[in-house]
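Please keep the sequence and the structure at hand while reading.

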Amino acid sequence: LWKLLEEGSSNRRHPFHTPVMATRTSSGDPDLRTVVLRRVDRDGRLVCCHTDSRSPKVEEIRKSGRVAWLFYDSESRVQVRAHGHCQVHAGPNDVIACETWRKVQPDSRVCYSAPYAPSLELDEYESNQASNAGEIAAAPTSPTDTPPDSFAVLATVLASIEWLELHHD
């Protein structure tokens, strides 16, 4: 199982690379979204993804700390459900956010320069790409780079994992 999770974090073509994460809204309703698995630490029982810190899920996680993850491989028909405590790492004073940001590729950094927060309702369509997206994507990275306020790492320590093979036999 951990080998599959590790492969999912490093291989963008692996089915576990884009799991579903569930949180609970302030009204108590479940909320789901697809995320990108960015880091797995078997010894620490840790799975991580990145997000825009302005996303509603960040506040949901800060309030409850509880999340669920769903991984599914349609070819092998393996489903993995995992639950745990999630911590938000964000800002230039957070060591994990800083270390992680320094590994984010420039073209991916563009995602965290969007002028509007995720889930923000607009009266009419407007691009959410930064006007300087090309400059951001072309900029070299530095070992002293600090993350923008919009970047966050969601780090979940898993408390339970359930493996299910969805085969008739």
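## The nonpolar cores

Of the 22 residues in the largest nonpolar core, those that touch the most other members are Met21, Ile61, Trp69, Phe71 and Leu154; a nonpolar core is a set of buried Ala, Val, Leu, Ile, Met, Phe, Trp, Tyr and Cys residues joined through side-chain atoms within 4.5 Å. At least two residues of this core come from each of α1, β4, α2 (56–64), β5, β6 (78–90) and β7, and β6 gives the most, with five residues. Another core, of eight residues, lies apart from it and has among its members Leu46, Tyr112, Val153 and Ala155.

The model is predicted, so local features need pLDDT of at least 70 and side-chain atom pairs count only at pLDDT 80 or more, whereas totals for chains, interfaces and linings use all residues. Residues are numbered from 1 along each chain as its sequence is written, and side-chain values use heavy atoms, with hydrogens and water left out.

## Helix α1

Helix α1 (residues 2–10) has Trp2, Leu5, Gly8 and Ser9 as its buried residues, where buried means under 20% relative accessible area, exposed over 50% and partly exposed in between (1.4 Å probe, protein chains only). These residues lie on the same side of α1, because they cover an arc of only 120° around the axis, the arc being that of the directions from the helix axis to the C-beta atoms. The face turned away from this buried side carries the exposed residues Lys3 and Ser10. Helices (H or I, at least four residues) and strands (E, at least two) are DSSP runs, numbered from the N terminus.

## Around Leu164

Leu164 is found in strand β7 and counts as partly exposed, because its relative accessibility is 35%.
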